[in-house]
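Good morning, and thank you for coming. I would like to take you through one protein structure, one topic at a time. Please look at the display as I speak.

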Amino acid sequence: MPNSLNPFELIARRWQPSARFVERAALATVVMAVVIVVTGGAVRLTQSGLGCDTWPKCTSGSLTPTAEMGINGVIEFSNRMLTYVLCAVVGLLIIAARARTPVRTSLTRLGWAQFWIVMGNAVVGGITVLTGLNPYIVSSHFLLSSVLLTVAVVTWWRAREGDAEPRDLVAVPVRQLTRLLIAATGALIVIGTVVTGAGPHAGDARKVHRIPLNWQEITQLHVDFVYIVLGLTVALWFTLRAVKAPAAQRRTVLELLVVLLLQGVVGYVQYFTHLPEVVVGIHMLGSCLVWMAVLRVLLAQRERAALPAAVPAPTGDHETVQPEPAASSR
């Protein structure tokens with residue numbers, strides 16, 4: 001009796017996606033990871049966080065929003081439905097990476113990692129509603145979305161390179177400076193979530209518990225870390241220039257610098273205009289772009305070549321052919 005095939009093997013027998021298709025599927029997961037962050041911010045900024053007052057249903061008696069719930073229910077429910085779209089995009093990536101020959105095991109593992117992060121964050125989102133928008137749970141909900149974005153960016157980058165062992169393109173001190181930049185940027189984003197948890201945009205018009213900190217003082221700490229990240233970015237660019245690093249690596253640092261400066265302008269605008277919702281939403285989009293840019297700086301500092309093609313084993317009985325000795329020079 002022939003061995004039964006799993007669904008992925010059946011698909012692989014009928015469909016061979018191109019490397020370009022797999023890369024685009026990976027890029028689509030990056031786009032959706034950003035969309036889910038921005039739309040989640042829109043839920044909070046439109047005071048729709050409790051538009052559906054329970055979970056997993058929208059109300060105790062209805063899976064979908066009712067007319068009495070108004071636009072807030074529609075916004076909150078629409079954001080929940082985007083989770084299914086995100087799962088579909090991640091699923092397409094997993095199927096495409098599994099169907100392609102040779103199988104990219106690294107990509108399928110990263111795809112499954114995205115899937116489970118999405119599932120975990122959906123549960124955290126439900127807990128957020130059930131706890132009445134507890135600011136600590138809201139912050140963890142955003143940070144898990146940042147983890148999803150991280151894995152999605154790494155997946156997209158891996159889809160564009162081979163599976164051989166990574167080879168560093170810069171010296172160890174440059175890698176260490178880059179890791180320090182990554183750590184500072186991560187701290188910047190975490191502090192930003194604290195600012196959000198203590199700030200005026202609670203996510204619902206009703207009284208919602210906030211993090212008991214002075215949000216303006218935390219904002220100042222946030223600004224201090226902006227300058228630290230800017231300084232490390234400039235230092236890294238001069239270091240790469242001094243060691244005559246390839247232009248592609250210097251370009252990723254310049255792109256990060258541009259995104260940081262634009263994000264800084266948006267940050268000052270939102271602060272001095274008393275946090276208008278639209279500008280805060282743009283700032284949330286900017287935080288995703290900053291994190292993506294800093295990850296690209298790190299990933300550009302190493303490369304992976306394609307693995308050599310496997311040589312098919314000989315069939316039948318063949319006489320072993322010994323290679324001729326090389327001619328000796330006299």
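Let me begin with a term: a helix here is a DSSP run of H or I with at least four residues, and helices are numbered from the N terminus. Please also keep in mind that this is a predicted model.

I start with the empty space inside. Rolling a probe the size of a water molecule over the atoms shows where empty space is left. In this structure there is one cavity of 30 Å³ or more. The largest cavity holds about 40 Å³ of space.

Which residues line the largest cavity? They are Phe142, Ser146, Leu149, Ile189, Ser287, Cys288 and Trp291. At least two residues of this lining come from helix 5, residues 135-159, and at least two come from helix 9, residues 277-299. One of the lining residues is Cys288. Its relative accessible area is 4%, and buried means under 20%, so Cys288 is buried.

I turn next to the aromatic residues. A pair of aromatic rings is described by the distance of the centres and the angle of the planes. The whole structure contains seven aromatic pairs. Among them is the pair of Phe115 and Trp116, with ring centres 5.0 Å apart and planes at 75°. Why is this pair called edge-to-face? Planes over 60 degrees apart count as edge-to-face, and the planes of Phe115 and Trp116 are at 75°, so the pair falls in that class. Phe115 is partly exposed, with a relative accessible area of 22%, whereas Trp116 is exposed, at 56%.

Another pair is formed by Tyr271 and Phe272, whose ring centres lie 5.3 Å apart. Their planes are at 85°, so this pair is edge-to-face. Tyr271 is partly exposed, at 31% relative accessibility, and Phe272 is exposed, at 58%.

Phe115 and Trp116 also belong to a cluster: ring pairs link them with Trp112.

Where does the charged end of Arg160 sit? It sits over the ring of Trp156, 4.6 Å from the ring centre. The charged end of Arg160 also sits over the ring of Trp157, 4.8 Å from that ring's centre.

Now to the cysteines. The structure has one disulfide. Cys52 and Cys58 form it, and their sulfur atoms are 1.9 Å apart. Is this disulfide left-handed or right-handed? The torsion about the S-S bond is about -70°, so the disulfide is left-handed. Cys52 and Cys58 are both buried. Cys87 is buried as well, with a relative accessibility of 18%.

The next topic is the backbone. Trp55 and Pro56 are joined by a cis peptide bond, with omega about 10°. Pro56 is in the loop between helix 2, residues 19-45, and helix 3, residues 70-99. A cis peptide bond also runs from Thr101 to Pro102, and there omega is near 0°. Pro102 has its place in the loop between helix 3 and helix 4, residues 105-130.

The loop between helix 2 and helix 3 also contains Gln47. The phi angle of Gln47 is near 60°, a positive value in a residue other than glycine. Leu133, in the loop between helix 4 and helix 5, has a positive phi too, near 65°.

I finish with two residues of helix 7, which spans residues 215-242. Ile228 lies in this helix and is partly exposed, at 40% relative accessibility. Ile228 and Thr185 are 43 residues apart along the chain, and 8.8 Å separates their C-alpha atoms. Gln216 is also found in helix 7, and with 42% relative accessibility it counts as partly exposed. Between the C-alpha atoms of Gln216 and Val195 there are 7.9 Å, and the two residues are 21 residues apart along the chain.

Thank you for your attention.

Technical notes: Residues numbered from 1 in each chain as written. Predicted model: local features only at pLDDT ≥ 70, side-chain atom pairs only at ≥ 80, totals over all residues. Heavy atoms only, no water. 1 Å grid on protein atoms, 1.4 Å probe; cavity = no way out; pocket = protein on both sides within 12 Å on 5 of 7 lines; lining within 4 Å. Points joined across faces, edges and corners; volume = space filled by probe spheres on them. Phe/Tyr/Trp six-rings, centres within 6.5 Å; stacked < 30°, edge-to-face > 60°. Buried < 20%, exposed > 50% of the residue type's maximum accessible area, 1.4 Å probe, protein only. Lys NZ or Arg CZ within 6 Å of the ring centre and 35° of its normal. Disulfide = S-S within 2.5 Å.
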